[in-house]
Structure formats: C-alpha cells, structure tokens
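Subject: Structure for your files

Hello,

Here is the structure I said I would pass on. My notes on it follow below.

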There are 2 protein chains.
Amino acid sequence: MPEATRTTERGFPTTERGVRTIELDEELLTDIRELIKDNARALLLNILADLHPADIADLIENLGDDGRRYVFGLLQSEVASDVLRELDESTREPLLADISHEKITEIVGELNSDDAADLIADLPSDVASRVLETIEAEDAANVQKLMRYPEDTAGGIMATEVLRVKMSDTVKMAIRKAREFAKQGFELYNMYVVDDSGELLGSLPVSDLILQGPGRKMRNVMKPVVSVKALMDQEEVANLMQKYDLVSVPVVNERNQIIGRITVDDIVDVINEEATEDIERMAGLVGSEEVSSSVFRTSRIRLPWLLLGFIGEMLSALVLKEFHASLETILASAFFIPLIMAMGGNAGIQSSAIVVRGLATGEVRLGQLGKRIGKEFGVAMTNGIILSVFIFGVSYVWFSDVRFGATVGLSLLAVVLNATIVGAAIPFLLERFKIDPAIATGPFITTTNDALGLLIYFGFMTLIYL
Amino acid sequence: MPEATRTTERGFPTTERGVRTIELDEELLTDIRELIKDNARALLLNILADLHPADIADLIENLGDDGRRYVFGLLQSEVASDVLRELDESTREPLLADISHEKITEIVGELNSDDAADLIADLPSDVASRVLETIEAEDAANVQKLMRYPEDTAGGIMATEVLRVKMSDTVKMAIRKAREFAKQGFELYNMYVVDDSGELLGSLPVSDLILQGPGRKMRNVMKPVVSVKALMDQEEVANLMQKYDLVSVPVVNERNQIIGRITVDDIVDVINEEATEDIERMAGLVGSEEVSSSVFRTSRIRLPWLLLGFIGEMLSALVLKEFHASLETILASAFFIPLIMAMGGNAGIQSSAIVVRGLATGEVRLGQLGKRIGKEFGVAMTNGIILSVFIFGVSYVWFSDVRFGATVGLSLLAVVLNATIVGAAIPFLLERFKIDPAIATGPFITTTNDALGLLIYFGFMTLIYL
C-alpha cells in the first residue's frame with residue numbers, strides 16, 4: 001500500500017474534512033483506561049477503528065504494560081504492523097517479547113522489507129530465526145540481506161522493493177509493470193531502468209508515464225539518475241536528498257546494480273533523528289534518551305557526562321587550590337569566579353554550535369579551519385571588549401579599585417577569546433578524527449573552558465598582585 | 001519542472017553513474033578565482049554548465065563580493081532562478097540589489113509561486129513593486145496572496161500551483177489535465193478533487209491514474225484527504241506530515257477551499273530549519289547565525305545572551321559576597337564552586353533538553369508536567385546520590401574532614417535535584433505562555449542554576465559552620 005496515501009485510506013472517514021488529530025489528553029486516556037479495566041472489547045475496537053496507526057501508537061505509549069499488551073492484542077495484523085513501525089523501541093521490544101512467533105510472522109508479512117528487517121533486528125535471536133524460517137523464502141532473503149548493512153547507512157534504511165524496467169520496454173509495458181508492482185502494495189514513486197545484469201541506467205517518475213505516448217521506448221524517455229552507494233552514511237544521504245530536492249533515491253552496489261531505494265519519508269525520520277542526536281549530545285546525554293525511557297535508563301544515559309564533568313571540575317578545584325594565596329589575599333576575586341566560568345562556557349558553546357551544525361549540514365568543511373578561527377577571533381574581540389568594559393565598570397563601582405577592575409576585565413577578555421577559539425576548533429579536530437563533533441558542544445567545551453578560564457583568571461591575579 | 005527530477009535533467013550527463021558531488025575544496029576554488037580574475041568567461045561557462053544549481057550556489061557562497069556578482073551574471077535566468085532558491089539570505093540580498101528589475105522579472109517568471117514570493121519579499125520595496133507590476137497579472141496576484149501569510153505558517157511555505165479536478169471528471173480527463181499541468185513545469189504529485197466552489201473533497205496520487213480504467217469517474221477513485229489550514233505553524237505541518245508519512249499536503253482556507261499545497265521537500269527544509277533554530281537557541285544565539293554571517297552580525301547575534309549571562313552572574317557574585325564570611329572561614333569551599341556550578345548546569349541542561357525536544361516533536365505534552373517532574377526527581381536522586389558519594393570521598397581524602405565532606409556532598413545532591421527539576425519545569429512554563437521553550441535550554445538554565453546552586457551551597461556551609 002502506498003505510504004503516502006495510507007493515511008487517507010484508513011482512519012479518516014470520507015466525511016472528515018481538514019486535519020483529524022486525536023487529542024490524547026488525560027481525559028481520553030482515563031476513558032480508555034476505564035474501558036480496558038472493564039474489558040470492554042467492542043467499545044475499544046470501535047475507538048481503535050477510527051484511529052490512524054500513528055495515533056494508536058501514541059495511545060499505546062501512554063498506557064501501562066498491561067494496557068499496552070491488551071490494546072495491541074486487539075489489533076489485526078495489518079494494523080498491528082503499521083502500529084509497530086511507529087512505536088518507540090523501548091515500547092516495542094517488550095511488546096514483541098510477548099507475542100507468539102506465528103503472530104509476528106503474520107505481522108512481518110505485512111511490512112516492507114526495510115521495516116521488516118528493523119523489526120526482526122529487535123527480536124530475541126531465537127524468535128528472529130524462527131520468524132525468518134517461516135516467512136516466504138524471498139522475503140527472508142531480502143530481510144537477511146538488509147540486516148547485513150549497518151543501521152545508519154543507505155543500505156540500513158533502504159527498502160528492496162524496486163520497480164525495474166528495461167531499456168527496450170515501451171511505456172505501455174512499463175505501465176503494466178507499475179500496475180503489477182502497485183498490486184503488491186508498494187509505493188509508486190519512480191521506476192528504474194536497468195540492463196540485463198541489473199545495472200542502473202536511468203529513472204522515470206511513474207506519474208510521467210501519463211505524459212508519454214504508449215509506444216515510446218524507455219531508453220528514449222528515461223532520465224539520468226542520481227544514486228547512492230549502500231554504505232553511504234544516512235546523514236550524507238539526507239544532505240544529498242535535501243540539497244538536490246529528491247523524493248526518492250536508488251541505492252546501488254559496487255557494480256552499480258540497483259539493490260534498493262530510499263524514499264523521502266525515511267529521510268525525514270533520519271533528519272529528525274540526527275538533529276535530536278546532535279541536541280542530545282550537546283546537552284550531554286550519552287545514548288538516546290526517549291521521553292518514555294525508564295528512570296533507571298535515563299539516569300544511566302545522563303551519568304557519564306556528569307561524571308566526566310565531575311572529573312573536569314576537579315581540575316578546576318586543583319587550579320583554585322594552586323592559587324589559594326591569591327584567593328586569600330583578594331577574597332573578592334572569588335566573587336567573579338562564576339562570571340569567568342559562565343562567560344567562557346557561553347562563548348565556547350556559541351562558537352562550537354555554529355561549527356557543529358555547519359559540519360552536520362555540510363555548510364562548513366574541514367579545510368575552512370583557518371578562515372573560521374580568524375572570524376571567531378574578530379567576534380570574540382568585539383564581544384570580549386564590550387564585556388570587559390562592563391565588568392571593569394561594575395567592579396570599579398563595587399570596590400573603587402582600578403587595578404582590581406582592570407585585572408578582572410583583562411582576564412574576562414582573555415577568557416572569552418580563548419573559549420571562543422577552543423569552541424570553534426575542537427569540532428574541527430573531532431571531525432578530522434571521525435568523531436561526531438556534536439559531543440564537543442555543551443558539557444565538554446564548558447568543562448574544558450572552566451579549567452582554562454580559571455587558570456587564566458588566577459594567572460592574571462597572581463601576576464598582578466603577588 | 002518536477003522538483004524531484006530537476007536534478008537529473010540538468011547537471012548530470014547521461015554517462016554519469018552514481019552520485020556526482022562536486023568537492024568544493026580550496027584547490028577548485030583557487031582555480032575558479034583565477035578564471036574570474038582572468039575574465040575567462042568561456043572556461044567558466046563550461047564549468048558552470050556541468051554543475052547542479054545547488055552546487056553553483058555553494059560555489060557562489062565561497063567567493064568574494066565581486067566574484068559572486070561575476071559568476072551570477074554569467075547565469076541564464078532559468079539557472080539563475082534555481083541558484084537563487086539555494087542561496088543563503090545573507091548572500092542573496094546583496095546580489096539581488098545589484099540586478100536590474102528586468103532581469104529579476106525574468107527570474108521570477110521561472111519560479112514557482114512560493115519561491116517567487118520568498119524572493120520578492122527579500123527585495124527593496126521599490127524594486128519589489130516594480131517587479132510585481134511587470135510580471136504576469138496572474139503570477140502577481142498569486143505572489144501577493146502568498147506574501148500576506150506569515151513566513152512560518154502553512155500559507156507562508158505553500159505553493160499555489162495545484163492540480164484541480166472535478167468529481168465528475170473521468171480518469172481520461174484527469175490525465176489530460178495532468179498533462180496540461182506538467183507542461184507548465186509543475187510537480188506531479190497529487191491531484192485534488194474539488195466541487196464548483198473550490199471546496200476540497202478528495203485527492204489521488206497522479207501515478208495512481210495508470211491503475212484505473214480511463215472511463216471511471218474521479219468521485220469513485222478519489223481518496224479522503226488530510227489538509228491543513230493556512231495559518232497552521234510550519235513546525236506543526238512538519239510534525240503532521242512526518243507522523244502520517246505524507247509526501248504532500250493541501251492547504252485550505254476557512255471555507256475548506258484549496259488554496260495551495262506543501263510538498264515534502266519544503267518540509268525537509270522546515271525540519272532542518274527548526275532543528276537548527278533549536279540548537280542555536282540552546283547555544284544562546286539570538287537570531288539566525290549563518291556560517292557566512294559577517295563578524296559584526298555574528299557578534300550582534302551572540303552578544304545578547306552573553307549580556308544576560310553577565311547580569312545573571314552578577315547575581316552569583318552578590319550571593320558570594322553575601323556569604324563572604326563563610327568563604328573566609330573555610331577557604332576550601334571556594335575550590336568546589338566550579339563543581340557546584342557545573343553539575344547544576346549540566347543536570348539542568350540534560351533534563352531541559354529532553355523536554356524541549358519532546359515539546360518540539362510533539363512527544364511531550366503540556367499536561368504531563370507533573371508526571372515529568374516525578375520522573376526527573378527519581379533520575380536526579382539516583383545520579384545526585386552517586387555524585388555526592390564521590391565528592392564526599394574526594395574531599396575527605398583531600399582535607400580529612402568528615403563535616404566538610406558531608407556539607408559539600410549534601411549541597412551537591414540538593415543542587416543536582418534543584419537544577420534537574422528547574423531544567424524540566426521551565427520549558428513547560430514557557431510553552432504554556434507560547435514562548436519557544438528552546439530558549440530555556442543552555443545559557444538561561446545554566447545562569448539560573450548558577451545563582452541558585454551557589455545559594456544552596458553557601459546556605460549549607462553557613463548553616464553548618466557559622
């Protein structure tokens with residue numbers, strides 16, 4: 001069934017105009033929980049029949065374990081398969097563990113090869129192999145092929161269902177093949193022209209068939225095609241499809257034979273996934289924290305960065321201990337520790353965020369390090385001088401001491417300069433060593449700049465006062 | 001011309017297999033700069049002819065002002081219009097300011113209504129009105145209609161070119177209309193079935209026409225349709241299209257008449273834009289900093305948060321001044337100021353990031369505040385206790401003082417608890433008051449938690465020691 005029209009075929013009665021979105025407020029949830037408690041199957045089935053699979057998935061994620069199993073058990077395998085595609089992994093795994101492998105086999109039969117492979121990858125290995133034994137041989141072969149590709153590559157997100165035609169096919173024959181393909185429930189976006197060995201030669205949007213005379217040969221109507229290799233990183237595929245405004249892209253092997261295709265709805269998920277991942281890493285979450293993750297799992301995802309930060313701040317403590325003489329002599333220097341740390345942290349995050357995002361979307365390239373640093377120097381000087389003048393003013397008013405004010409001001413300028421440049425440079429460094437630069441932003445840069453900033457600040461204090 | 005195949009029609013010669021992406025390394029740029037200096041038009045035209053408009057845009061962004069004007073001047077209006085669509089605003093505006101309004105009129109004629117409206121909105125108002133006077137009356141009316149919608153709504157990103165058919169049209173008639181539509185250079189995704197007043201009744205993917213007998217009426221083959229209202233926020237449109245895997249969605253007015261359509265390639269841009277915006281706000285950038293923004297503009301975008309942070313850290317300074325007696329009595333308490341601040345900051349960013357992202361993608365709803373806080377309390381207790389035990393150990397080893405170690409440990413636990421809950425709660429608060437929660441993450445939460453954390457820390461110190 002075509003992805004794009006599934007929405008409109010089920011769950012949206014013809015009389016419904018405009019968008020139908022179920023408001024999953026606490027009230028509706030309470031009602032549904034009541035119905036589950038009362039075992040009111042008929043009423044629940046009635047409600048579920050009106051819901052889109054994506055909304056049923058939403059509903060299930062908002063229920064307890066028993067409720068989830070109960071509601072999922074009510075679904076027919078066709079709907080169940082759509083709902084499974086939409087569920088968070090953390091909800092999906094326990095649900096799958098509960099279902100008989102016969103039911104799973106039925107559900108897998110309803111899925112496209114890419115979704116089937118994702119689902120089977122989530123199963124316990126004994127269930128997975130039993131399911132692979134029972135589904136159709138062709139499907140099993142496709143799924144096993146897909147499962148060999150790393151999850152975040154073109155091969156990992158492609159579907160193997162592809163509409164192939166030959167150079168010598170006429171438009172009329174191509175239409176017949178497209179009808180056959182659609183009957184099997186696959187999306188009709190593009191058809192791909194291949195030679196006898198399966199090598200990709202060109203493509204044509206299926207809708208363009210209506211623009212051509214029935215007798216024309218595919219070789220005369222096909223268009224050149226952009227393809228991606230199976231091991232291309234999914235983020236690169238997303239950037240490419242976005243850059244060239246592609247709705248779907250064929251995936252080829254080393255011999256340029258077409259082995260699958262990626263459609264833009266998968267890419268939308270990739271873009272969101274990658275953006276969420278960047279944000280998570282910037283915020284210091286190690287691993288993917290889902291809104292529905294358990295307290296225990298959430299703690300485990302957050303703890304590593306907190307511990308790394310802990311160790312980093314021990315360095316800061318050592319710096320302060322080293323300079324305790326200055327601290328004792330001018331106790332007021334302690335008052336501006338938070339300012340020095342925060343300004344360094346903020347300036348560093350600002351410069352690193354723009355580089356991290358730029359590297360992710362391809363707007364910043366590795367070769368531009370020098371140019372970038374030059375620009376960041378200018379920005380840091382501008383803002384650093386403004387902030388320094390302010391802090392000089394504040395501390396003069398506060399302590400009536402020009403020397404102290406000048407020392408704090410000078411330190412702040414140096415700290416902002418250092419933090420901005422460190423913030424911009426570290427992501428380049430990580431990218432060069434093929435580490436995701438997103439981990440550089442947030443806690444990592446802040447912690448580094450805390451220790452460096454305090455070193456600079458108390459270095460100046462000691463130089464000038466001791 | 002269909003968006004999705006434009007790539008394959010120009011810039012990718014038939015002999016080209018696989019992906020052709022130009023590597024814009026410094027070497028190629030240097031070569032092109034040489035050619036510009038030598039005024040080698042023919043050679044440059046040769047290179048440009050082989051490039052995709054998106055790549056030409058990339059190239060132009062990497063040139064100086066004169067180079068930009070020179071290369072852009074070489075382009076024919078058909079290519080120039082595609083290149084303009086791909087350029088950053090900061091590059092586009094000065095380029096447009098240089099071009100005669102006749103040339104702009106030519107370029108606008110090549111664009112879809114949505115891109116034309118975006119472009120005209122960027123022109124100085126006198127040029128804009130002259131362009132609107134010279135383009136075709138129908139185009140001008142469309143563009144002016146579009147310019148009335150706020151930029152970030154469904155109306156602001158839709159195109160007005162829509163393939164309309166009637167209930168009583170046969171498949172054969174619909175095919176004829178689709179051919180007519182394609183001849184004007186528009187994308188063939190979906191056709192929309194409307195009544196005499198233009199009210200939207202159903203839709204059909206154009207490719208599905210080949211599946212139907214030519215004599216069937218549209219009323220019998222059309223499918224129910226999901227539409228969005230013109231003033232829906234673009235982020236909501238993106239979430240909806242992603243949730244229901246839609247390739248395009250029609251936009252309707254208050255009377256349910258179709259006034260435009262949004263295709264998924266625009267939505268991909270929206271998703272990236274919104275993710276970038278979230279990341280920028282988390283990093284404390286006010287306004288959109290582009291990689292190519294000038295030093296002056298970049299400074300201006302970054303300064304507001306630095307100044308707000310500055311003011312916030314003055315509060316921290318006041319807290320420390322207030323507690324200077326404790327600081328003097330136990331100088332060692334200063335050593336852990338960075339730790340207290342950093343742990344509060346990091347814990348706060350972690351809990352806020354997950355709420356901010358969840359609110360943006362619709363996974364977290366306003367009504368879930370209580371549930372969320374409960375969970376965050378559990379997470380903060382778990383990690384807070386672990387960190388407290390560590391810091392107790394470290395400070396005991398360091399100072400051999402149980403009371404001091406216990407005070408620091410207890411403070412750290414309280415600070416992590418407070419910061420985590422503040423971090424999770426503030427985004428809910430902002431969302432309730434319709435302020436983008438993304439501004440809550442990063443500097444804002446960190447600064448708030450700095451002052452609160454120091455208050456807690458020295459509050460405990462004072463209670464226990466003075």
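Helix 20 of chain A and helix 21 of chain A are roughly antiparallel to each other, because their axes cross at roughly 155 degrees and an angle over 145 counts as roughly antiparallel. Please keep in mind that this is a predicted model. The two helices cover residues 337–361 and residues 369–399 of chain A, and their axes come within 12 Å. Their crossing is right-handed. On the side of helix 20 of chain A, the contact is made by A:Leu339, A:Met343, A:Ala347, A:Ser351 and A:Val355. Facing them in helix 21 of chain A are A:Arg372, A:Glu376, A:Ala380, A:Leu387 and A:Ile391. By type, the residues of this contact divide into seven nonpolar, one polar and two charged.

Domains of chain A

Chain A is divided into domain 1 (3–157), domain 2 (164–263) and domain 3 (295–465). The centres of domain 1 of chain A and domain 3 of chain A, taken over C-alpha atoms, are separated by 47 Å.

Sheets of chain A

One open sheet of chain A has three strands in the order 1-2-3, and its pairing is mixed. Its edge strands are strand 1 (164–166) and strand 3 (200–205) of chain A, each of which pairs on one side only. From one strand to the next, the twist averages 35 degrees. Strand 2 of chain A, residues 190–194, pairs with strand 3 of chain A in the antiparallel sense over five bridges. Within this pair, A:Val194 stands opposite A:Leu200 of strand 3.

Another open sheet of chain A is formed by three strands in the order 4-5-6, again with mixed pairing. Strand 4 (228–229) and strand 6 (258–263) of chain A stand at its edges; each has a single partner strand, so one side of each is left without a neighbour in the sheet. Strand 4 of chain A pairs with strand 5 of chain A (residues 248–252) in the parallel sense, over two bridges. The bridge partner of A:Val228 in strand 5 of chain A is A:Val251. Helix 16 of chain A, residues 264–282, packs on this sheet and touches strand 5 and strand 6 of chain A. The direction of helix 16 makes about 65 degrees with that of strand 6 of chain A.

Contact between the chains

Helix 16 of chain A also meets helix 16 of chain B. The axes of these two helices come within 10 Å and cross at roughly 5 degrees. Angles under 35 degrees count as roughly parallel, and helix 16 of chain A and helix 16 of chain B are therefore roughly parallel to each other. From chain A, the residues in this contact are A:Val264, A:Ile267, A:Val268, A:Ile271, A:Asn272, A:Ala275, A:Asp278, A:Ile279 and A:Met282. From chain B, they are B:Val264, B:Ile267, B:Val268, B:Ile271, B:Asn272, B:Ala275, B:Asp278, B:Ile279 and B:Met282.

How many residues does the contact take from chain B and from chain A? It takes 120 residues from chain B and 120 residues from chain A. On the side of chain B that touches chain A, the largest share comes from helix 20 of chain B (residues 337–361), with 16 residues. That side of chain B divides into 65 nonpolar, 31 polar and 24 charged residues.

Within chain B

Strand 2 (residues 190–194) and strand 3 (residues 200–205) of chain B run antiparallel and are joined by five bridges. B:Val194 stands opposite B:Leu200 in strand 3 of chain B. The two strands form a hairpin with five residues between them, and B:Gly198 in the turn has a positive phi of about 90 degrees.

Helix 5 (residues 65–74) and helix 7 (residues 89–98) of chain B pack at an angle of about 65 degrees, with their axes 11 Å apart. The crossing of helix 5 and helix 7 of chain B is right-handed. Helix 5 of chain B contributes B:Asp65, B:Arg68, B:Arg69 and B:Phe72 to the contact, and helix 7 of chain B contributes B:Thr91, B:Pro94, B:Leu95 and B:Asp98. These residues divide into three nonpolar, one polar and four charged.

Regards

Definitions and conventions
Residues are numbered from 1 along each chain as its sequence is written. Chains are lettered from A and ligands numbered from 1 in the order in which they are written. This is a predicted model: local features need pLDDT of at least 70, side-chain atom pairs count only at pLDDT 80 or more; totals for chains, interfaces and linings use all residues. Axes are lines fitted to C-alpha atoms, for helices over the stretch in contact, and angles run from 0 to 180 degrees between N-to-C directions. Helices (H or I, at least four residues) and strands (E, at least two) are DSSP runs, numbered from the N terminus. Angles under 35 degrees count as roughly parallel, over 145 as roughly antiparallel, 65 to 115 as roughly perpendicular and the rest as oblique. A crossing is left-handed if the near helix is turned anticlockwise from the far one by less than a right angle, and right-handed if clockwise. Two residues are in contact if their C-beta atoms, placed from the backbone, lie within 7 Å. Ala, Val, Leu, Ile, Met, Phe, Trp, Tyr, Cys and Pro count as nonpolar, Asp, Glu, Lys and Arg as charged, and the others, Gly among them, as polar. Two strands pair if DSSP finds at least two bridges between them. Domain bounds come from an automatic or database domain assignment.
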